[in-house]
Amino acid sequence: MSNERQRELSGRVRSWLREDGHENADRVLDTVLDQLNTTPQRHANWLARRFPIMNSNGLRFGIAAAAVVIVAILGFRFFGPANSTGGPQATPTPTPVSGLAQNGKIIVTDGNVLRAFDPDGSGMTVLDTLPGPILSVVVSPDGTRVAYPYENGDHQGLRVMNLSSGETTDLPVPDAVGGEPVGWSPDGESITFGGLDGEVEHVYIAAVDGSSLRAVAADTIDNGLQILSPVWSPDGQWLAFVGKPPTGQQGRMYLVRPDGSELHQLDTARVEVGDGGFISWAPDPSVQRLLYLVAASGGGLQVRLHDVATSEDYDTGLTFWPSWSPDGKQISGCCTSIVNTTDVFAGNPKQVTVFAQPQGNCPDLADFTGRAICSGATWSPDGTTLIGSDIVDSKLLMAPADGSGTPVQIDLTTATGLDAHVAWQPIRP
Amino acid sequence: MDTDLVARAQRGDQEAFAELAAARADRYLAASHRILRDISLAEDATQQALLSIWRDLPQLRDPARFDAWSYRLLVRACYAEAGKARRWSPSLRLLPADEPMATDGLDAIFDRDQLERGFRRLSFDHRTVLVLKHYLDLSHTEIADVLGVPEGTVASRIHHALRGLRAALDADARPVTREAVR
């Protein structure tokens, strides 16, 4: 529908909705007021009881301080190891998470420019300049390469850069490439992505040296499905992806072996696709857990955690933009809230807000305490810091994951909010 | 927004809550009526929303956000009523129109009737987002806050809602055209 027709219809709808009669709610109101005495108010958590004047700066500081304490306590005392539930029969003995990586470069898409910053947000360098906007960016698990799809006129390209040498390789691609973040194989030698060949979408695997491109399970995946955000499990045994019919905003989550065998649909609710985030594997290769989004009652979104091995499904308490912490023991979500996975498994996810409670999705408040990361947070490889784009300005916002210290703003030039994508390079010994 | 009134109601002051609710109840009922397209469902949803607002008010952290927060509870209540009813039958009565009829009254009635039928064919999500935008005049940011979705999703839902409405209107018009040809 053209913009002009859409505007015309909007005007008709607006007039029609407003010309409807005036409803009188007196009867409803009387019924409600009659029930107040028998309807006790639900007092909030202990924070609200302690700080009844909820909009004071002092309270915001109090909440932030309390959040710091909670995070510190949870982080140092109560974060037990994630439930290890084993995996499918074919899963080999996994490599346990053995210490976290150190923080390398922060890689940021800024329009058609790929930039890098030092771990403290200083020392900006330009890594690459593309003919069109860069659509997403993901660093390989070993931190040596970065992959980024980009627009090139009416085509999309997919480029891989060696972060040590700066050498780039344009991968062979089908007719079109999805703009979602690509999935890296654990060894960093291959990537998986959704692409279009003619009129059929496939899950593709490409070698990062550009030597090969193949469609996975091309004969068995329903060729009427749109393929979204394939991602490689950290143990290398599975690809997960969302297959969605051409209409609607919901699809199903599937697993398939990288060799194309054992394709099957996961028994989960329908997966909501859109700009609320992508499916993602828990980083711990000893478990097979996926985050995904569903439509929540009330019209919102809900981040759910699915354990592939047990088929158990959990509500994380988060709404959208989920992101695993590097050790897989925490999950962040909109907007800079964090839950502990052990609480999720216990059915009692408790959100800790890293910044003070934001207003709305992404507010522009006068001070840092009200700001929020507004395109999904990226964790630093050492798990201490969150970074994301601030929807208000052409800036990135970086802050300690426990809410302590002062957030740092990093200036960009062209990207705002959702257009900026961030990845953080892990440095492994 | 009288934040003092909200703060008093948060502390259990029933008179303050009554004042808050009285100033908004008509608007809540009108919005839920437009979303649900059924006055009895809308009354139930409004009643449930007002009770939820009273019950959960102490949990509202910022009184200045009362309106956006209350709309969220209202939309939830509408969802609950829609889920209970699941009866989007075509026999539901049309909304009353108190406005004076325009000079081209028949055309206006026909247009309203078309919009009513088209609107009913939309999904709950799409009806809701159009009412929040075009009846309650909320911005995309505010709608995102009410629905708990990203702003981009709001824009997408509005786009798809209008596209769906256009398709419904076009489909509605087709039989008439065929009749005319015969």
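Buried means under 20% relative accessible area, exposed over 50%, and partly exposed in between, with a 1.4 Å probe and protein chains only. This is a predicted model, in which local features need pLDDT of at least 70 and side-chain atom pairs count only at pLDDT 80 or more, while totals for chains, interfaces and linings use all residues. Residues are numbered from 1 along each chain as its sequence is written, chains are lettered from A, and side-chain values use heavy atoms, without hydrogens and water.

**Exercise 1.** Find which residues of α1(A) are buried and which exposed residues the face turned away from them carries.

*Solution.* 
Step 1. Locate the helix: α1 of chain A runs over residues 3-19. Helices are DSSP runs of H or I with at least four residues, strands are E runs of at least two, and both are numbered from the N terminus.
Step 2. Check its length. The 17 residues reach 24 Å from first to last C-alpha, close to the 24 Å expected at 1.5 Å a residue; the expected span is 1.5 Å times one less than the number of residues.
Step 3. List the buried residues: A:Gln6, A:Leu9, A:Ser10, A:Arg12, A:Val13, A:Trp16 and A:Leu17. They lie on the same side of α1(A) because they cover an arc of only 165 degrees around the axis, taken from the directions from the helix axis to the C-beta atoms.
Step 4. Turn to the opposite face, where A:Asn3, A:Glu4 and A:Arg7 are exposed.
The general rule is that an α-helix has 3.6 residues a turn, so residues three or four places apart point the same way.

**Exercise 2.** Describe the interface between chain A and chain B, and state how many salt bridges are counted there.

*Solution.* 
Step 1. Count residues: 57 of chain A are in contact with 72 of chain B, contact being heavy atoms within 4.5 Å.
Step 2. Give the area. About 5700 Å² is buried between chain A and chain B, 55% of it on carbon and sulfur atoms; this is the accessible area (1.4 Å probe) that the two parts lose on being put together, summed over both.
Step 3. Count the salt bridges between the two chains: four. Each is a side-chain nitrogen of Lys or Arg within 4 Å of a carboxyl oxygen of Asp or Glu. A:Arg27 forms one with B:Glu43, with the closest N and O atoms 2.5 Å apart.
Step 4. Assign the chain A side to elements: α1, α2 (26-35), α3 (46-50) and α4 (57-78) each give two or more residues. The largest share, twelve residues, comes from α1(A).
Step 5. B:Asp137 and A:Arg14 meet in a salt bridge at 2.7 Å, N to O. B:Asp137 lies in the loop between α6 and α7 (140-147) of chain B and A:Arg14 in helix α1 of chain A, so the pair joins two chains. B:Asp137 is partly exposed at 42% relative accessibility, and A:Arg14 is partly exposed at 29%.

**Exercise 3.** Where do A:Ser229 and B:Arg37 lie?

*Solution.* 
Step 1. A:Ser229, not a glycine, has a positive phi of about 40 degrees. A:Ser229 lies in strand β13 (residues 226-232) of chain A and is buried, at 5% relative accessible area.
Step 2. B:Arg37, also not a glycine, has a positive phi of about 60 degrees. B:Arg37 is in the loop between α2 (14-36) and α3 (39-56) of chain B and is buried, at 2%.
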